[in-house]
Amino acid sequence: MDIDVRGPRFGAAVTTVVLAAVLITGSAWLLAWQTLAFAMGAAGGVDRSPYGWLFRRLVRPRIGPPTQFEAPQPPRFAQAVGLVFAALGLVGFTLGPDWLGLAATGAALAAAFLNAAFGYCLGCEMFLLIRRATVSGE
C-alpha cells in the first residue's frame with residue numbers, strides 16, 4: 001500500500017532537528033533515540049516509526065488528506081541507510097573516535113536535510129539505483 005509523501009518528509013524534518021541537536025550537544029543519548037527511530041522505520045516502514053506516528057496522529061489531520069503517494073520500499077530503505085549512519089555515529093560518540101561520531105552524524109543530517117528542505121531523498125534514490133542495476137543485470 002502506498003504512503004502519503006508528506007509523512008517521510010515530516011520525519012526527515014524532525015530527524016534534521018534531532019541530528020543537528022546531536023552535533024551541537026554531542027549527546028549520545030539523543031543519537032541513541034534517533035538510531036532507535038531509524039530502526040523502527042527500517043523494520044516496520046516509515047508509518048511505524050515514531051515520527052510517522054506523530055505525522056499520522058497530529059499533523060495529517062490538520063493538513064488534510066494526501067494528494068500524492070509513493071511506494072513504501074524506497075523510504076524504508078532510506079531508514080535503513082540512516083540506521084547505519086546513526087549507529088556508526090553512536091559508536092563514534094560512545095567508544096571513539098569522536099571524528100567518526102561527527103562524520104557519520106553529519107552525513108545523516110545532510111541526507112535528512114535534503115529530504116526535509118527539498119524533497120530529495122538520497123536513500124530512496126540509492127534504492128532505485130540498486131533496483132535498476134539488479135533488474136537490468138538479470
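Student: Which residue takes a positive phi just after α5?
Tutor: This is a predicted model, in which local features need pLDDT of at least 70, side-chain atom pairs count only at pLDDT 80 or more, and totals for chains, interfaces and linings use all residues. Residues are numbered from 1 along each chain as its sequence is written, and side-chain values use heavy atoms, with hydrogens and water left out. Helices are DSSP runs (H or I, at least four residues) numbered from the N terminus, and just after α5 the phi is positive, about 70 degrees, at Gly119.

Student: Is Thr105 buried or exposed?
Tutor: Thr105 lies in helix α5, which runs over residues 98-118. Buried means under 20% relative accessible area and exposed over 50%, with partly exposed in between (1.4 Å probe, protein chains only). Because its relative accessibility is 0%, Thr105 counts as buried.

Student: Why are the buried residues of α5 on the same side?
Tutor: The buried residues of α5 include Leu100, Ala104, Thr105 and Ala108. An α-helix has 3.6 residues a turn, so residues three or four places apart point the same way.

Student: Which exposed residues does the face of α5 turned away from its buried side carry?
Tutor: Contact means heavy atoms within 4.5 Å, and what covers the buried residues of α5 includes α1, α2 and α4. The face turned away from that buried side carries the exposed residues Asp98, Trp99 and Phe118.

Methods: Helix = DSSP H or I, 4+ residues; strand = E, 2+ residues; numbered from the N terminus.
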